[in-house]
Amino acid sequence: MSLERAKAHLKQYGLDGCIIIPEKTSATVAEAAEALGCSPAEIAKTLSFLLEEGPILIVVEGTARIDNKKFKAVFHQKAKMIPADRVNDLVGHEPGGVCPFGVKEGVRVYLDESLKRFEVVYPAAGTGRSAVRLTIPELETCSGYAAWIDVCKEPE
């Protein structure tokens, strides 16, 4: 179901042909990088958080980690990830396949500045065995993002 929702969403932008279904699982950043033949950083992982106003998604580069101080400065709340058993109900995708495509109504999407150093990134497409190859402008267009934000720690 999630793959079909993501595919239908991407089709609106003519990007459903960019979906990749690798032979191996792509549920984690390391697995996705291996399955897709790219670096872990090029995986656009989508993190799900619960704010007082509701769920949000933040798409970050694959090796990035959330900086709690930066998160609080942007959202004026502590970073609270959605528990795995509630992600599908709140967002519309299971953990391992969470992406900004075909999400439930009212879920806001943000793109982190960490993605901007890449020409192409690979977010999931609704399942732990799917991805979509997108340029940053394509990601901006089809994600329905609310804003670019800076909530990740500096790379080490």
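Q: Which residues does Lys70 touch, not counting those up to four places away in sequence?
A: Lys70 touches Asp150, Val151, Cys152 and Glu154. Contact here means heavy atoms within 4.5 Å.

Q: What kind of model is this, and how are residues numbered?
A: This is a predicted model, where local features need pLDDT of at least 70 and side-chain atom pairs count only at pLDDT 80 or more, while totals for chains, interfaces and linings use all residues. Residues are numbered from 1 along each chain as its sequence is written, and side-chain values use heavy atoms, with hydrogens and water left out.

Q: OK, back to Lys70. Where is it found?
A: Lys70 is in helix 3. Helices (H or I, at least four residues) and strands (E, at least two) are DSSP runs, numbered from the N terminus.

Q: What does the side chain of Lys70 meet in a salt bridge?
A: The side chain of Glu154, at 3.3 Å from N to O. Helix 3 covers residues 68-75 and Glu154 lies in the segment after strand 8 (147-149), so the pair ties together parts that are 84 residues apart in sequence. A salt bridge is a side-chain nitrogen of Lys or Arg within 4 Å of a carboxyl oxygen of Asp or Glu.

Q: Is Glu154 buried or exposed?
A: Glu154 is exposed, with a relative accessible area of 59%. The cut-offs are under 20% for buried and over 50% for exposed, with partly exposed in between (1.4 Å probe, protein chains only).

Q: How far apart are Lys70 and Pro137 in space?
A: They are 24 Å apart, C-alpha to C-alpha, and 67 residues apart in sequence.

Q: Zooming out, how many helices and strands are there?
A: The protein chain has 5 helices and 8 strands. Starting at the N terminus, their order is α-β-α-β-β-α-α-β-β-β-β-α-β.

Q: Why call it as compact as a globular protein of that length?
A: The radius of gyration is 14 Å, close to the 15 Å that the globule rule gives for 156 residues, so the chain is as compact as a globular protein of that length. That radius is taken over C-alpha atoms, and the rule is 2.2 Å times the number of residues to the power 0.38.

Q: What box do the C-alpha atoms fill?
A: Roughly 40 × 35 × 25 Å, taken along the principal axes.

Q: And how many of the residues count as buried?
A: Of the 156 residues, 49% count as buried. As for contacts between residues at least 6 apart in sequence, 63% join residues at least 24 apart.

Q: Which residues is Phe49 in contact with, leaving aside neighbours within four places in sequence?
A: Gly54, Pro55, Ile56, Ile58, Ile66, Phe71, Ala79, Lys80, Met81 and Ile82. Phe49 lies in strand 2 (residues 43-51) and is buried, with a relative accessible area of 1%. Its C-alpha atom is separated by 26 Å from that of Leu36, which is 13 residues apart from Phe49 along the chain.

Q: How many salt bridges does the count come to?
A: The count comes to 6. In one of them, the side chains of Glu61 and Arg117 meet at 2.9 Å, N to O. Glu61 is in strand 3 (residues 54-61) and Arg117 in the loop between strand 4 (108-112) and strand 5 (120-123), so the pair ties together parts that are 56 residues apart in sequence.

Q: Is Glu61 buried or exposed?
A: Glu61 is buried, at 5% relative accessible area, whereas Arg117 is exposed, at 56%.

Q: What does the side chain of Lys116 meet?
A: The side chain of Glu113, in a salt bridge of 3.4 Å, N to O. Lys116 is partly exposed, with a relative accessible area of 44%, and Glu113 is also partly exposed, at 32%.

Q: Which residues do salt bridges that share partners join into one network?
A: Lys70, Asp150 and Glu154.

Q: Last topic, the loops. Where is His76 found?
A: His76 is in the loop between helix 3 and helix 4 (84-91). Its phi is near 60°, a positive value in a residue other than glycine. His76 counts as exposed, at 65% relative accessibility.

Q: And where does Gly14 lie?
A: Gly14 is in the loop between helix 1 (2-11) and strand 1 (19-20). Gly14 counts as exposed, at 54% relative accessibility. The C-alpha atoms of Gly14 and Lys78 are separated by 37 Å, and the two are 64 residues apart along the chain.
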